[in-house]
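This report concerns the arrangement of secondary structure in a single protein. Please consult the sequence and the structure shown here while reading.

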Amino acid sequence: MEAFKEIKESLKKKGGNEKTFQMTLSEHEFIMTWTLNKLCNYRCDYCFLTDEFLSNEHPETGKYSHEYIADCFDRSAKNWLIILSGGEPFLYPDFVGLAETLTKNHHIVINSNLSMKSAFDFAERVNPEKVIFLNASMHMTELVKRKDGVGKYVEKFLYLQDKGFNIYLTYVAYPTLLNQIEKDVSFFKQQGIKKISVKYFHGMFDSKPYPLSYSMEEKEMISRNALNPVEADEYQEKPFFYGRQCAAGQKFFAMDMAGNLKRCTTLQKQYGNFFTGKFKFDKSLKPCPVPECLCAYEGFLLTNNKSSSAFSLWKEKQWEHYYAKKSE
Ligand code: SF4
Ligand code: SF4
């Protein structure tokens with residue numbers, strides 16, 4: 001896809017993490033971002049999920065066997081990249097078994113806080129070649145509440161890194177942490193952690209909106225410590241893809257715990273249920289019908305520079321309006 005090529009080139013120019021994107025984007029027919037559970041053992045100050053959401057597991061989580069889920073992917077396409085997020089994915093019932101089963105025929109990405117001991121078992125049983133990357137979010141405000149929280153995080157991280165996983169530490173630049181970020185980054189480097197990325201905080205703090213409220217110096221500091229410089233200076237701006245053709249709905253879907261498919265993280269347009277087999281994908285690229293894409297990664301990776309006809313844009317807006325009303 002054009003957009004993938006563009007981003008690769010842009011990353012290359014800026015010395016970004018081209019390999020990750022290259023592998024992620026050029027080798028997969030379809031991408032699914034799957035929120036597989038709700039439960040989380042952390043309560044990060046900056047989490048956009050509510051305490052209520054994170055406290056109870058979704059009734060559909062773990063309903064289907066690993067084999068059944070893998071079969072749904074196998075039957076629908078040859079080659080999926082499955083992005084696994086929660087909650088905390090390692091709290092999914094026998095998450096390691098699920099990852100092992102899914103990676104027989106597909107590739108995965110995992111977003112985890114790396115708090116669970118089962119990460120060691122994961123390192124033993126899952127083929128690192130099948131894990132495009134493991135985003136190990138380092139939540140300093142939570143780690144310091146736990147006995148040797150930082151030490152245990154580092155131990156698991158290094159174990160996975162030594163096993164050959166493409167793992168990186170992400171650090172949210174929450175305003176209360178700004179004064180210690182560089183010190184922490186240097187500590188983690190000394191421990192042997194190779195890939196570290198500081199990311200902008202998105203949200204309100206002290207009645208001020210972020211990332212808008214960072215000072216120039218703070219932005220520079222974040223940029224210096226971002227693994228991918230493109231992320232710091234481009235992804236964090238409010239991206240605008242309105243009217244552009246987007247592969248979401250054709251090659252990319254957002255799935256909830258029950259298997260319900262939406263066009264992407266932002267949109268409400270539904271495509272059926274992946275686990276019951278009653279779903280339909282778009283046959284062609286459709287325009288993006290909204291002025292704000294909540295996940296810049298998705299927008300940058302899935303859109304091209306072509307505008308759609310006024311009629312197809314109108315149609316997508318109608319669909320979105322219909323499904324947004326329905327989900328109220
Ligand atoms: S670990 Fe992730 S899901 Fe859990 S509270 Fe923190 S930000 Fe939210
Ligand atoms: S909101 Fe983003 S991912 Fe969704 S259709 Fe628009 S550009 Fe694509």
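## Overall content

The model is predicted. The protein contains 13 helices and 15 strands. Of its 328 residues, 37% are buried. Among contacts between residues at least 6 apart in sequence, 73% join residues at least 24 apart.

## The ten-stranded sheet

Ten strands form an open sheet with mixed pairing, in the order β6-β5-β4-β3-β2-β1-β10-β11-β12-β13.

F279 in β13 is the bridge partner of G272.

## A helix across the sheet

Helix α8 (residues 149-162) lies across β4 (131-137) and β5 (167-173). Relative to β5, α8 runs at about 145°.

## Packing of α5 and α6

Helix α5 (residues 95-102) packs with helix α6 (residues 118-125) at an angle of about 20°, and their axes are 9 Å apart. Angles under 35 degrees count as roughly parallel; α5 and α6 are therefore roughly parallel to each other. Their crossing is right-handed.

On the α5 side, the contact involves F95, V96, A99 and E100, which meet S118, D121, F122 and R125 in α6. By class, the contact of α5 with α6 comprises four nonpolar, one polar and three charged residues.

Methods
Residues numbered from 1 in each chain as written. Chains lettered and ligands numbered in written order. Predicted model: local features only at pLDDT ≥ 70, side-chain atom pairs only at ≥ 80, totals over all residues. Axes fitted to C-alpha atoms, helices over the stretch in contact; angles between N-to-C directions. Helix = DSSP H or I, 4+ residues; strand = E, 2+ residues; numbered from the N terminus. Parallel < 35°, antiparallel > 145°, perpendicular 65-115°, else oblique. Left-handed = near helix turned anticlockwise from the far one by under 90°. Contact = placed C-beta atoms within 7 Å. Nonpolar A, V, L, I, M, F, W, Y, C, P; charged D, E, K, R; others polar. Buried ≥ 20, exposed ≤ 12 C-beta atoms within 10 Å, placed from the backbone. Pairing = 2+ DSSP bridges.
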